[in-house]
Amino acid sequence: MVFARASSPHEHSALSTRQVMQYVLLATLPGLVALTWNFGWGTVINILLASTVAVGTEAAIVALRKRPVLFYLQDCSALVTAVLLGLALPPLAPWWLTVIGTLFAIGIAKHLYGGLGFNPFNPAMVGYVVLLISFPVPMTTWITPRDLLPAGVHLPDLWQSLQIVFPILGAPGQAVDAITGATPLDAFKHHTGLLVEQIYAAEPLFSRAEIVSYGWEWVNLGFLAGGVWLIYKKVFTWHAPVAMLLGLTLMAALFYDGGSSTSGGSPIMHLLSGATMLGAFFIVTDPVTSATSARGRLVYGASIGILVYIIRVWGNYPDAVAFAVLLMNFAAPLIDNYTLPRTYGHSKARKATEKKP
Amino acid sequence: MRKIWDIPGGIHPPENKHQSLTDGIGTIAMPERLILPLNQHAGAPAKPLVKPGDRVLKGQMIAEPVGFISAALHAPTSGTIDGIADQPVPHPSGMSARCIELVPDGRDEWCDHQGVGDYRAQPPTALLELIRNAGITGLGGAGFPSSVKLGPRQPIDTLVINGTECEPYITADDSLMQARAPEIIEGVNILRHILGNPETVLIGIEDNKPRAFEQLTEAAEGTGIEVVEFPTKYPSGGEKQLIQILTGKEVPSGKLPAELGIVCQNVGTTFAVYNAICRGEPLISRITTVTGQACGRNGNYEVLLGTPISHLLAHNDFDAKACTRLVMGGPMMGFTLLDPAVPVVKTTNCILAGSKAEFPPAPPAQACIRCGLCAEACPASLLPQQLYWYAQSQNHERLEAHNLFDCIECGACAYVCPSRIPLVQYYRAAKGEIRRHDAEQLKADHARQRFEFHKARLEKAEAEKAAKREARRLAAEAAQRKTATSEAPSSGPGSADDLIQAAKARAAAKKASPDEQKAKLERSVEANRNRLKIARDKLAEGRDQGLDSDAMAKLEVKVNEAALKLKTAEEKLASFDDTSPGKGDSTVADDAASRVMDRVTASRREQLETTVASLKKRIASAEQAIGAETADATIAALQSGLEKQRQKLAEAETALAGLGPDGDQKVTDPTTVDAASAAIARAQAKAAARASMTPEQKAREDLHALDQRIAKARDKAQAARAEDSEHAATLESALEKLEEKRRGLIEALGAEPEETVPERPVAESVPAPSAVEPHPVPNDDPAAAAIARAQAKAREMAAMTPEQKRRVELASLDERIAKARSKLDSALAEGSEHVEALQGALEKLENKRRSLAQQDSDGVNPEGGA
Ligand code: SF4
Ligand code: SF4
């Protein structure tokens, strides 16, 4: 009789890394639906294109590194990176933009650092920031939400969208320029010298919104819903996202300034515009690149929230989640050093770099 | 209602307890053979009391505990000892160890045994002894000898009985609590009595055992024992976790619960204590759960220790083909068995024969995604992902900063890890690695300390020598100065008084050394005692944490080593107290010193009187000589000599007559005193140094001195022969004598270095005190002898006028210069390396002589004649 020799524990919970990634993918759906509803097929095309490139790149690199390809693909982490990048890119962005971004995210930001678990920077955000810096124009060209389009102008259908993304498929029957427009954050930034109320009145993005920013509010609520579900599924803890949202809210409230002409915008506008919720629940929660302990994640999340506000209001870019996240990726090891939990039987927490007493 | 605290982390794996909880506690047919490992517990293996062929009765002790942390072993049934040999034992490594094999005779015949009538009438120590002799160890998985855990040094205010049994599948304690609640409660009462009736007595049970809770609550009614139920969560049953749940307190890292005034015992152990005290039955069986899908039947059984697991499995319709993993213990912390022939031991709470569906083969580990699920599950609030990271990179410093050693290896982190990383395995390996590393470090540190100590000793010896040289130089200088200037008593630095004081102080310092030595020995005993305590604590803690037996074995070895060292240190101290070496030496030195001082500082009147007397004598003999002499020239010479003597006598008598009332005062001639006190200092230093030596060391030192003298004597003899001197023969015979002495000394040393070497084996090797005046100082002591010589010299000097002294000094200097010259010549001839040194010495001597001669010719007469 020969029995297996194994180290305890002999049982495992059912949750696997693959499942974790699948949950994350699933949780993006509400946000994706909202995006597609408001801005057309562009995001879906982004995601599909990015996923293909990501999986291909991952396979090629894993093969190059002489590792079992299928084993590494099955963790689905490349797919998650691709989906997050696809969600973040402007809909109907030219194909090469998506391809370059994905190549950069998987090839450089992930595998150059040793692959999953070893990358200090969030790959999707690295891809995004590289594109934003290199190609600012296509990266800041957003679509006007479906219902705010001028009369007679429609969002392109699927085939037209494909033609816009891949010009090789022939000229689209519709000019892209006709459907592009500002995002709420752009709009807010451009109207300087006006009271918040005046901006709201001048911009249909605000005036026709249910809550604060037309179309975007639903996108953000969609990601919020997905995120809450993930917390419920224990894929990650509440610490980092909640801290980030609180940080952002606090800053917005502090500098709201009664809606004067120097106001940075209301907290609710900041929460429901741009990439706030996508960032809070799908980027900030990336476990690999965030701080480790619960306390650390509170610090990490809150810092990102504050940075997002600072860059949005006082920086040159209308949105800031990517920059803020990358900056805090830098700081994560430092945060870790000072936020070790207090271990059982110890009167206080130690520092990671502490020497033997 | 008692407040229940929550523990951080924890998991809820499927319980799988119902399978084995069907019908109470069953029994198993007697196996053909019982295998009883000598080490079923934490600590030293028991020592067999039987030999093959012996017939033993049920309950008879067949192996006794060795040392403090160890446990006895008893025959589980009557039968014949078949052998004592190495057999595979239940251990994660699958190792073999010494086991007693017993072939049952089927009669199951008890030895004489009976319980203690009223345990409350017994002192706790007696009960602890009974528990120790009953071979009771923790039955909850740790196996730490219960008598040790129940006899803490700290006062105990809380007794916690662990009925948690939080691991999935296992129901041994549950079934025991259901079936034998009154006995368990009685056992708790016994433990209470032993621990001095702690205020709070708690039995902790998870809420998935409602029947056990009911039974115990009922049985505990009116006893003051609180039965506490709390929510099921793994690992609530860990000792530290249970204490936190029930009391809200945390056992400080690296400490035992006793530090908090808490003792924790498992319900199974409590039942065993009841059996031992009330029924007189030692620990020979235990309740074991047999479960898992590869067993057709699941259940709990009262199993004799030593029953082969294969026998147990066969009884439960075991399907070997269906079994992929055979685990002893639970699925979270149990270890796999490779061979089902291993026996049930005291810590076997469960045999889990898992099927493929239950324990599918582990998938390959994926990368850590740092999801933090592990950290959320960790009951010790560690960061398992960081520990894993640093374990991989072998970063020991970071591992310790992340409190690796507070990990209880519960496996909660590995259970939840979505990447299926065998985290616990990494932690065990890292812990082992760090322990090894620390042990090596410790060894290296000891070596370094030894080296430094050695160096310090050498330096100290060197410093002492230098100090002696300095003292001698100072004495010589002072002597010169005094002679050169006036006789007026001086009290400046380097004066006689100072020197005497200094010498005394030095001698006193040296004398203190036996005391110091004793203090050192005492300190060493204390340190070793501490070390032993630490080692024991570590062992206890290790056992609590469920260290694998490899690590435990190492800890045990440490404990034994520490105990041995303590013993040696204690013996040393004891023997030191007995002999108090050095006392005699220093006393002798003291006596001698005081005698010298008496003489040297003899009053002026006494000195003068002596001088007068001796002069008178000399004059008388000179007169006689003149009377007998016929040659004129000679007579003239004699007469002039006589004249001089007479003159001196007159002077001395005048001086004596002129002595005032203070003439009786002591300490006259500082020069004399100086030289004498320097010599005294030297002698005392030497004596004191010897006082702190063992006889052997003394003998060795003597041998060394002898060697030096022999070398010198040889040189001299050679030089004499080379010069064809008349002294050659004398020198050679002296050399021979020295060599003979040396042989004797070596023999004495070699024969029995500790005992037979006499305290002062080379007494004769020291020249007898100067022939000038035989002296009562015991001449078997080199120090005393040296002092005697110094005294003699001092006396001589005291009797002389300064001029005479100078002359004597001059003469001796001349002699030394001559010697130095001849040495230098022969050194030059041989091209010896010492030429330079010799030249330097010669120069110094010549300088000295010059300055002395200068004084002489200057005609300074400091004393105005004496
Ligand atoms: S649970 Fe596993 S994958 Fe997740 S952080 Fe811990 S070790 Fe890494
Ligand atoms: S095995 Fe150690 S690190 Fe893992 S959960 Fe248990 S105590 Fe924490």
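## A walk through chains A and B

T292(A) is a buried residue, with a relative accessible area of 5%. That counts as buried because the cut-off is under 20% relative accessible area. Keep in mind as you look around that this is a predicted model.

Where does T292(A) sit? You'll find T292(A) in the loop between α16 (276-283) and α17 (294-314) of chain A. Leaving out residues up to four places away in sequence, T292(A) touches R297(A) and D336(A), plus R370(B), L383(B), Q385(B) and Q386(B) from chain B. Take D336(A) from that list: D336(A) and T292(A) are 44 residues apart along the chain, yet their C-alpha atoms are separated by 6.1 Å.

Now step back to chain A as a whole. Chain A has 18 helices and two strands, and of its 357 residues, 55% count as buried. If you take the contacts in chain A between residues at least 6 apart in sequence, 71% of them join residues at least 24 apart.

For a look at how two of those helices meet, go to α1 (residues 17-27) and α13 (residues 216-232) of chain A. They pack at an angle of about 155 degrees, with axes 8 Å apart. The angle therefore makes α1(A) roughly antiparallel to α13(A), since anything over 145 degrees counts that way. On the α1(A) side the contact is made by Y23(A), V24(A), L26(A) and A27(A), and on the α13(A) side by G226(A), W229(A) and L230(A). What kinds of residue are these? Six are nonpolar, one is polar and none is charged. As for handedness, the crossing of α1(A) and α13(A) is right-handed.

Over in chain B, there are sheets to look at. One is an open sheet of four strands in the order β2-β8-β7-β4, with antiparallel pairing. At its edges stand β2 (34-37) and β4 (55-56) of chain B, each with a single partner strand, so one side of each has no neighbour in the sheet. Inside this sheet, nine bridges join β7 (residues 79-88) to β8 (residues 96-104) of chain B.

Another open sheet of four strands in chain B goes β11-β10-β9-β12, and here the pairing is parallel. Its edge strands are β11 (225-230) and β12 (262-266) of chain B, each pairing on one side only. From one strand to the next, the twist averages 25 degrees. Six bridges join β10 (residues 200-206) to β11(B), and I205(B) stands opposite E229(B) in β11(B). Packing on this sheet is helix α5 (residues 210-220) of chain B, which touches β10 and β11 of chain B and makes about 165 degrees with the direction of β11(B). Helix α7 (residues 267-279) of chain B, meanwhile, lies across β9 (158-162) and β12 of chain B, at about 85 degrees to β12(B).

One more helix to visit is α6 (residues 239-247) of chain B. How many of its nine residues are buried? Nine of the nine are, and among them are E239(B) and K240(B) as well as L242(B), I243(B) and L246(B). Just after α6(B) comes G248(B), which takes a positive phi of about 75 degrees.

Note on methods: Residues are numbered from 1 along each chain as its sequence is written. Chains are lettered from A and ligands numbered from 1 in the order in which they are written. This is a predicted model: local features need pLDDT of at least 70, side-chain atom pairs count only at pLDDT 80 or more; totals for chains, interfaces and linings use all residues. Side-chain values use heavy atoms; hydrogens and water are left out. Axes are lines fitted to C-alpha atoms, for helices over the stretch in contact, and angles run from 0 to 180 degrees between N-to-C directions. Angles under 35 degrees count as roughly parallel, over 145 as roughly antiparallel, 65 to 115 as roughly perpendicular and the rest as oblique. A crossing is left-handed if the near helix is turned anticlockwise from the far one by less than a right angle, and right-handed if clockwise. Contact means heavy atoms within 4.5 Å. Ala, Val, Leu, Ile, Met, Phe, Trp, Tyr, Cys and Pro count as nonpolar, Asp, Glu, Lys and Arg as charged, and the others, Gly among them, as polar. Two strands pair if DSSP finds at least two bridges between them. Buried means under 20% relative accessible area, exposed over 50%, partly exposed in between (1.4 Å probe, protein chains only).
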